[in-house]
Structures are given as C-alpha cells and as structure tokens.
Amino acid sequence: MPLRVIIVGAGLGGLGAAIALNRTGHDVQVIEQSGFLNEVGAAIHVAPNASRILKEWECDFQTLQASQCNRLQVWNSAGELLWTPIVTKELQTALDIHDGWLLTHRVDLHNTLRVIAAKEFNGRRVNIRLSSRVQSVDAETGVVTLDDGTTLTGDLVIGADGIHSRTVSSVTGEESSKESTGQNCFRFLIPVSKALNHELAASLLKKTGLDGLHAFTASDRRLVFYPCRQGQLLNVAGIHPSGDDTSAKESSWLDSSNVEHLLETYKDFGPELREMCRLGEDVKLWSLASRSPPTKFVKGRLALVGDAAHPTLPHQGQGGAQAFEDGAALGALFPSDTTPEQVPGRLELYNKVRYERALTVMMMSKTHDERRAEMLDDLRIYVPNAELPKDMFSFTWPSNPAQDAQGLLTASQGIS
C-alpha cells in the first residue's frame, strides 16, 4: 500500500519533495496557503547538483528558459576584472561531472516543477490544495490541522513552509524566531535590450558577456549580476550592510524600494555600474534574515525540508539546490514498499544523510566566499566535527543525495 504523504508548502522544496515521493509510488497531498501557487522573486542558480536531480525527475529543461553559466568572475567596484575563480567546463572536468550550471528565473523554475507535479506517473499524480493554511502538525500522529478546522492524517508529513515555517515548531517544541544577519539585499531585473541602448551599460555588458555570473565587490558591499530568460533579462542583486536602514522587511520578496535608494547605497561604484543600477526595474529591498537551525530535521512522522529545515542565504547560490537534495534523499529512502511503521526509522536515515551536509552549506552561505571561514565556529555548534570545505563548488557540485540515501538504507537492512 502506498504511504499517505502530506506536504506543507508548494514552493520549490515542497514541489520537489512531492515529485520525488510521487515517483516512488506514494499518494501525495500538498497544502498551499496561497491561492495562486506562484513563486515570486527574480533569478536563481540551478547548480550541477540541482540540474542533476531535475534530470532524474524528467524536467523539461526548455521550459526553464535558462542561460548557461560558463564562468564566475570577480571584479572591483570600478568595473575592473580581478580574477576568474571558476571556468565551468574546467571544474566539471576536474570533478568528473557533466551536469550543467544553469541560471533561470525563479518563476520559470517553479512553473516547470508544477508541470512535473501535475503529470501522472505510474497512475498517480500530486494533489495540490490551494488557499489552505496549516495551523498545526502533530509530529507523532501525522495529524495536520488547517485553520478552518479540517484535519488530515498522513503516514509521512513534510514541512516545506520556508523560513517563516510553522511546522518547525512541531519538531523543536519551540516557537521559531528569525535573526538578522546585518545584511540587506536589493533585487531587480533589467531587460538586456534596454541595457544595450545605454552607452555605459552596454560597455559593461561587452566586457562581461551574457554567459556567466559576475560579482563587483567593495570592502563591505557587492553587486552581483547574471542573465536569465535565455539571455533576455539581467538579474541583479546588491548585498550590503543594513546599518540603520529599517525599510527592508525580513525575508520578503514583495517589498519595493526605489532607484534613488539603490544609487545612494552604491554611490562609490564606477559609472558603468551606477548606470546599470539606474536602469533597474521594480527594485525590491529585503533583509537577509536567517533562523537558527533545529538540532534535528525530523521528529516522529515529520521531516523538514528546504528553508524550513536550513534557511539558506544567497551567497553560495545553493538555496534551491539544497531543497532539491532534501527531496531526492526522501525519494530514495521511501520506496513503494515502505510501510507506515517504518516511517520514523526512515526519517532518522534522512536526518543522517542530510543534516550535516545541509547545515554546512547553510552556514557557509551566510557570507560571501572570502569570509566563509568565519562561520566555522557557528557550524560546529551543530556539527561538532565540521571542517571548512576547501571550496564550495567542489563540495556541492558532485553531491548525489539519492545515492547516499540508498547506501544508508541498504546498510540499515530495513531497520524501521
């Protein structure tokens, strides 16, 4: 008999877990509080460890409208090239991997996952219930209570409700609270055709090209841009100290700012970069808030995935990828013959395969690459024997959580 799976949240992590568990033969019900099932935001990395999983889920990569990321380059604030840390093909060869590093619009990625989830697979498809807010989850019994009083019971419950998660308290027994990282982030898009019609912006794009990620750095702030929508849009993120600025809302994609505020923040950057900022459309400003992770991702019949488990900031471009890794691991640990009695034991294996790795990425993502060593002491609070990865690309790109989970499951000899 298939397991009854309830997933709280239909963002990237929730849909990823739904796809993985549907494909292994279970009955999957997703509960989504919004009425439109629509991701917001700008662009997102699909690193090789993510594109590998999407391929296994039979993703239609054409619908991602992605741009290839062929290199990562670091520039100074005057627009002068400092160095090229990554040439994608060279690192792929060194790591013996063949999966692509893609840059896509978040909405395109979300819509692609929705299409996969809607397809029937071996006689089953994911059922998504909209405009339904979860009030509470009983981790031991698998009972999910909605705000309207409706109760649902699952053999397995997945908390995929993001940094503002309500399900995390069902694991920790405490109300979760967000923490400021002292950083704010501007996000905006620029049509490439618009940029090419302005002399300074066009000059900058001529130097960088439209096939890579570029970070323009000063001592305490940076502008990062890369293409999406098949090179038609330029995604720009401006990360800087929050200081006394209280206008940014915590972890919200929806709060608008303005070009004047953006230009003031980057007034010491070169003229090409300031003109690029001046072309920004629908400028958003949000606070890069985080939350202390739980000491475990699981309890009873409940598992946390994505930002509900390990809220990941954008510095390493791994937030979406880590959510997909969670889903892939769950899919491997819950084959079609899994019984309800085996669920708690399988979730312990999920915690074992994902906890240390996901928290390493989470902590290393709290700051940019040059300063991530500063996060090692924080990581060791949760992972006492943690070591600093030599570099985050070599650490994350070869990851195969489904294979790791399958190995644990085999070694466990069916312990439930």
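Reader: What is the relative accessible area of Gln230?
Author: First, some ground rules: this model is predicted, local features need pLDDT of at least 70, side-chain atom pairs count only at pLDDT 80 or more, and totals for chains, interfaces and linings use all residues. Residues are numbered from 1 along each chain as its sequence is written, and side-chain values use heavy atoms, leaving out hydrogens and water. Buried means under 20% relative accessible area, exposed over 50%, and partly exposed in between (1.4 Å probe, protein chains only). Gln230 falls into the partly exposed class, at 47%.

Reader: And what is the phi of Gln230?
Author: Gln230 sits in the loop between strand S15 (222-228) and strand S16 (233-241); strands are DSSP runs of E, at least two residues, numbered from the N terminus. Most residues other than glycine have a negative phi. Gln230 isn't a glycine, yet its phi is positive, near 55°.

Reader: Is Asp282 buried or exposed?
Author: Asp282 has its place in strand S18. Its phi is positive too, about 55°, although Asp282 is not a glycine. With a relative accessibility of 55%, Asp282 counts as exposed.

Reader: Which residue's backbone oxygen does the Arg291 side chain reach at 2.9 Å?
Author: Arg291 has contacts (heavy atoms within 4.5 Å), and leaving aside neighbours within four places in sequence, these include Gly162, Glu179, Pro311 and Met362. At 3.2 Å, its side chain reaches the backbone oxygen of Ala308. The one at 2.9 Å belongs to Asp307.

Reader: What is the strand order in the open sheet of three strands?
Author: Two strands pair if DSSP finds at least two bridges between them. The pairing here is antiparallel, and the edge strands, each pairing on one side only, are S9 (134-138) and S11 (151-153). The order is S9-S10-S11.

Key. Helices (H or I, at least four residues) and strands (E, at least two) are DSSP runs, numbered from the N terminus. A polar contact is a pair of N or O atoms within 3.5 Å; within protein, one must be able to donate a hydrogen and the other to accept it, and residues adjacent in sequence count only if both atoms are side-chain atoms.
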